[in-house]
Amino acid sequence: MRAPVVPARRSLLPPLLVSVVLLAAAMVAGLLTGAADMPVRGVLLALLDGLPFVSVDSGLAPVERSLLLELRLPRVLTAVAVGGLLAVAGAGYQGVFRNPLADPYLLGAAAGAGLAVTLAVVFLPGEAGTAAIPAAAFAGAVGGVLLAYALGRSAGRGGTATLVLAGVAVMSFLTAVQTFVQQLKVEELQRVYAWILGDLGGSWERLGMIAPYAAVAAVALLLHGRLLDVLSVGDEEAAGLGVHVGRVRLVVLFAASLATAAAVAVSGLIGFVGVVVPHVVRRLAGGSYRMVLPLSLLGGAAFLVAADLVARTVMAPAELPIGVVTAFVGAPFFVAILRATRPVGT
Amino acid sequence: MRPVRLALASALLGILGLAACGQAQDPAPSAPSSASASSAASAFPVTVEAGNGQVTIERRPERIVSLSPTATETLFAIGAGPQVVAVDERSNHPPEAPKTSLSGFKPNVEAIVEYKPDLVVIASDIDDIAAKLSKVNVPVLVEPSATDFDDAYDQILDLGTATGNADRARRLVDEMRRELDRLAAEAPKEKRLSYYHELDVTPYSVTSNTFIGRVYGLFGLVNIADRAPDAAGGYPRLSAEFIAKADPDLIFLATTKCCGQNRDTLAKRPGWSGLSAIKNDRVINLDDDIASRWGPRVVDLARTVSDAVRKAAG
């Protein structure tokens with residue numbers, strides 16, 4: 001199950017260009033398609049009109065214009081942010097734990113967010129509860145990871161295995177508390193589960209709220225590609241090469257958790273993106289984290305925009321929960337990984 | 001673990017979606033007259049056809065436990081209130097119903113048996129509760145969420161027969177039928193007004209094939225959720241973009257109690273501020289409970305809809 005040892009050097013540029021093109025294509029498709037039919041030309045002109053210093057007449061009705069700029073555009077951008085963050089966080093976790101099945105929710109981020117959202121929905125009345133969900137999810141995700149980390153440190157000597165076990169314990173514990181709280185007010189079950197199934201219907205306000213965390217986390221992760229490559233040869237060897245193993249691990253874990261919390265805050269729990277995308281990237285472009293991290297960021301964004309497009313159109317004007325679509329693609333992929341355990345791409 | 005939770009969540013969403021409906025507008029009667037009570041008592045044993053098949057009740061029940069808010073409302077509306085000893089935690093109407101901590105979602109046989117019931121009514125046979133209670137010789141009526149008016153009337157008549165209040169139940173059904181017919185006849189149907197019913201802020205809605213959808217159907221309203229494909233089910237999760245583009249004439253909110261929604265919160269949703277229903281004050285706040293039950297208070301719901309439709313058409 002080990003990640004490949006120092007992979008062959010490949011040029012980053014071609015796969016990067018391909019990813020950018022894929023992402024751009026997915027975004028354009030996402031912006032042009034929706035439950036409300038709008039003319040392609042009008043949409044493109046209205047988007048152009050939205051740019052600074054550009055003024056063109058899109059010919060869209062005011063209602064259509066506001067749908068495009070207040071609903072569809074933030075939704076596509078939310079998918080970009082969430083997909084990118086989850087995938088790059090997943091890649092970071094996989095690097096730190098040297099485990100291909102590590103995902104962004106491994107250390108209790110999901111369970112912590114789930115508990116916090118449940119508390120908000122159950123104990124805050126009406127609209128206040130709904131409005132508090134993003135902040136609660138963010139705080140809960142960060143809290144869950146910190147709890148797992150504190151527990152792992154106190155129980156072991158900083159080994160990753162202890163940390164994973166602490167994460168499992170925290171996850172079960174917080175999920176149990178969540179279930180208990182839910183029992184207190186069973187009529188709110190539907191709202192909690194609607195959140196768990198994931199929702200990309202974002203707004204500019206929410207995007208703005210997570211932007212600083214997302215940017216810091218993504219940049220921090222991208223800067224650690226080379227160090228994660230060194231880490232993949234083993235702790236002692238990496239230390240021998242002059243790498244401060246504990247510090248690298250801590251920074252990557254913190255950045256990946258921050259990225260996860262930002263994603264969870266705006267979208268609920270969306271499974272599999274964080275596991276699936278880094279593996280696809282590895283198979284197509286090689287195992288070096290200098291490749292895997294940036295390509296996961298772009299690929300995750302493109303994947304989630306495309307998945308959301310499916311969720312929005314398959315049964316339009318009804319929608320599928322985004323978590324159903326990603327899991328539907330993700331689960332068979334899991335099987336494929338298990339069948340071909342030997343990592344490819346060296 | 002996550003896939004399991006997904007499955008559970010979808011199942012729960014289904015249940016809650018269905019469980020969303022009805023209550024009685026007239027207050028419970030003081031007590032059944034002695035004449036009707038004695039004549040009813042002589043009618044036993046009775047057999048009714050419930051959701052769990054034919055159920056035979058040997059004697060007139062005197063210790064009824066209702067784990068269904070809709071059944072609770074019906075029991076009190078048909079004069080069976082004095083026979084009810086316990087109702088579940090969600091049975092919040094009428095106020096005099098003996099509310100307990102019993103749950104209709106997670107029924108606990110031992111907790112139910114504590115009340116020494118001689119009849120248990122529940123909306124959904126969760127955890128095989130009917131079979132378990134039969135083992136201790138407690139008859140159970142499963143009265144699942146109604147899909148149409150006839151189904152709802154049937155359930156009221158069932159409960160009337162099963163509790164020895166058949167006459168009252170029949171009168172109630174006749175009254176309901178008459179009132180709904182009257183409201184429907186008065187409706188300005190030629191306007192073909194469109195509407196959106198919000199069941200959940202996600203937003204989930206309802207199609208015309210659901211019980212609540214049929215209530216709106218009485219008034220010749222056009223449901224925007226009907227444009228969702230059949231595969232999306234009776235309770236489709238609609239696209240916010242679609243709702244805004246469809247720009248319904250009327251918006252009915254069954255999310256007022258659960259989620260504090262109203263015209264102002266809708267106006268703050270991205271892209272929705274220009275909706276004509278919001279601008280023209282055609283957002284109607286429903287009582288979440290009434291809009292999610294299928295008992296006698298469906299008449300109250302119909303009156304609310306009727307008023308809104310006439311105001312909008314006028």
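Before the first stop, one term: two strands count as paired if DSSP finds at least two bridges between them. Keep in mind, too, that what you see is a predicted model.

**Stop 1: a sheet in chain B**

Select β7, β8, β9 and β10 of chain B. Together these four strands make an open sheet, in the order β8-β7-β9-β10, with parallel pairing. Look at the two ends: β8 (222-223) and β10 of chain B are the edge strands, and each has a single partner, so one side of each is left without a neighbour in the sheet.

β7(B) and β8(B) run parallel and are joined by two bridges. Click on Tyr195(B), and you will find its bridge partner, Asn223(B), in β8(B). Next, show residues 194-198, which are strand β7 of chain B; four bridges connect this strand to β9(B), again in parallel.

The pairing of β9(B) with β10 (residues 283-285) is parallel and has three bridges.

**Stop 2**

**Stop 3: a hairpin in chain B**

Select residues 46-50 and 53-57 of chain B, which are strands β1 and β2; their pairing is antiparallel, over five bridges. The two strands form a hairpin, with two residues between them.

**Stop 4: two domains of chain B**

Colour residues 23-178 of chain B one way and 187-313 another: these are domain 1 and domain 2 in the domain assignment. Their C-alpha centres are 30 Å apart. Where they touch, domain 1 contributes 18 residues and domain 2 contributes twelve. On the domain 1 side, α3 (69-77), α6 (149-163) and α7 (166-186) of chain B each supply at least two residues. Of these, α3(B) gives the most, with five residues. By type, the domain 1 side has eight nonpolar, eight polar and two charged residues.

**Stop 5: two helices in chain A**

Move over to chain A and select residues 109-123 (α4) and 189-196 (α7). These helices pack at about 145 degrees, with axes 10 Å apart, and the crossing of α4(A) past α7(A) is right-handed. Show Gly114(A), Val117(A), Thr118(A) and Val121(A) from α4(A), which meet Arg191(A), Val192(A), Trp195(A) and Ile196(A) from α7(A). In this contact, five residues are nonpolar, two are polar and one is charged.

**Stop 6: where the chains meet**

For the last stop, show both chains. How many residues does each chain bring to the contact? Chain A brings 37 and chain B brings 36. On the chain A side, helices α3 (62-97), α5 (126-155), α7 and α14 (322-339) each supply at least two residues. Which helix gives the most? That is α3(A), with eight residues. The chain A side divides into 21 nonpolar, nine polar and seven charged residues.

Methods
Residues are numbered from 1 along each chain as its sequence is written. Chains are lettered from A and ligands numbered from 1 in the order in which they are written. This is a predicted model: local features need pLDDT of at least 70, side-chain atom pairs count only at pLDDT 80 or more; totals for chains, interfaces and linings use all residues. Axes are lines fitted to C-alpha atoms, for helices over the stretch in contact, and angles run from 0 to 180 degrees between N-to-C directions. A crossing is left-handed if the near helix is turned anticlockwise from the far one by less than a right angle, and right-handed if clockwise. Two residues are in contact if their C-beta atoms, placed from the backbone, lie within 7 Å. Ala, Val, Leu, Ile, Met, Phe, Trp, Tyr, Cys and Pro count as nonpolar, Asp, Glu, Lys and Arg as charged, and the others, Gly among them, as polar. Domain bounds come from an automatic or database domain assignment.
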